[in-house]
Amino acid sequence: MRALVLALLLHDTSALSTATLKPPKLATASTQTLALPFAELSELVGGTGRARSIWDAVRSGQEPLDADAPTTVGARRVLEASGLTAFVPACLEHKDEAADGTTKLLVRLADGLAVEAVLIPHAHLPRTTLCISSQVGCDQGCRFCATARMGLVRNLTPDEILAQFVIASRVAAQSTRMPPLTNIVFMGMGDAGRNAINVKLAATSLIDGEKFRMARSKITISTVGPSPDCFRELSDADGMLAWSVHAADDALRKQLVPSAKYTVDELRAGLLDALKPRPARQRTLMLAATLIAGVNDSPEDARRLAAFVSPIVDVAQKVNVDLIPVNPTDHAPDFLRP
């Protein structure tokens, strides 16, 4: 499934223009709504009943301020009096559905920038996974990734991350053939490790029983590992961690990830530091390596990766290693699938 996620995202990003279009109505781009702790929202609107009516609307796929939403009159009046004109700070601009039901969503943010989210229905099981973005653009420069050409524009706020889930939930609910949305992976545009604070706030909101009600085990937070401290900062994140390592050899990894400043041993040490304090059931880890013909797909590459993973297995409860055939792109035509 991870291979499919990556393949979908490594495509031409010309549609993700940073040109300013008409933004969705919102009091200010920095207004916190979806990520606001439930207790604070309850205090703001005058009680838990009013706050729950707002979240009933959100979970049903409605904008809480719409006339036909189940939001109570009192809650609606408080929100409107605060100057808020939309609770969800983004809008769906375009969707593209493939024959297998995989659906790409172009999400326009309040400032006119755009990110992409992808709904991926499982081929055989009754579940759908949402791949969401954590940044507009990315500065990690992975040579096989089309998003790398954009560079980093900015981090997404927790609300903007969560808005992708709200919008995707609406699309999934309206589909006649898409299974329920049950899983979330932070594997879209950007690197979650470079926006750890906001990603963690979003993940905490996702598992909140008064808000999105997702299971912690159904959330995966992925990073290429910009630094050992990026792993450590994700240690207390609500979700499974994933590392896009790509190669266990430093020289080769530097070719694939030109922004790499640390050795794989240094990064592994940071990852182990992040895993050790976590409860045993939350130490499950995903390691990903994008395979490129003649570059990192030899038996020796496999043996090197296996040896590299061994110390991680000693700490983690479970390690899943995903070997992902590269998705050829126009900017890297020499990178072919094995």
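**View 1. Asp56 pairs up with Arg59 in a salt bridge, their closest N and O atoms sitting 2.8 Å apart.** This is a predicted model, so keep that in mind for every view here. Asp56 and Arg59 are three residues apart in helix H3, which means about one helical turn separates them. Asp56 is partly exposed, with a relative accessible area of 38%, and Arg59 is partly exposed too, at 28%.

**View 2. Helix H2 packs against helix H3.** H2 covers residues 38-45 and H3 covers residues 48-59; they pack at an angle of about 115°, with axes 7 Å apart. That makes the two helices roughly perpendicular to each other, and H2 passes H3 in a right-handed crossing. On the H2 side, look for Phe38, Leu41, Ser42 and Val45, which meet H3 residues including Ile54 and Trp55. Sorted by class, this contact has six nonpolar, two polar and two charged residues.

**View 3. Arg177 and Glu97 meet through their side chains in a salt bridge (2.9 Å, N to O).** The two come from distant parts of the chain, 80 residues apart: Arg177 is in the loop between helix H5 and strand S7, while Glu97 belongs to strand S1. Arg177 is partly exposed at 48% relative accessibility, and Glu97 is partly exposed at 41%.

**View 4. Arg216 and Asp238 form a salt bridge (3.1 Å, N to O).** Here the partners are 22 residues apart, with Arg216 in the loop between H6 and S8 and Asp238 in the loop between H7 and S9. Arg216 is partly exposed, at 33%, whereas Asp238 counts as buried, at 12%.

How values were computed:
Residues are numbered from 1 along each chain as its sequence is written. This is a predicted model: local features need pLDDT of at least 70, side-chain atom pairs count only at pLDDT 80 or more; totals for chains, interfaces and linings use all residues. Side-chain values use heavy atoms; hydrogens and water are left out. Axes are lines fitted to C-alpha atoms, for helices over the stretch in contact, and angles run from 0 to 180 degrees between N-to-C directions. Helices (H or I, at least four residues) and strands (E, at least two) are DSSP runs, numbered from the N terminus. Angles under 35 degrees count as roughly parallel, over 145 as roughly antiparallel, 65 to 115 as roughly perpendicular and the rest as oblique. A crossing is left-handed if the near helix is turned anticlockwise from the far one by less than a right angle, and right-handed if clockwise. Contact means heavy atoms within 4.5 Å. Ala, Val, Leu, Ile, Met, Phe, Trp, Tyr, Cys and Pro count as nonpolar, Asp, Glu, Lys and Arg as charged, and the others, Gly among them, as polar. A salt bridge is a side-chain nitrogen of Lys or Arg within 4 Å of a carboxyl oxygen of Asp or Glu. Buried means under 20% relative accessible area, exposed over 50%, partly exposed in between (1.4 Å probe, protein chains only).
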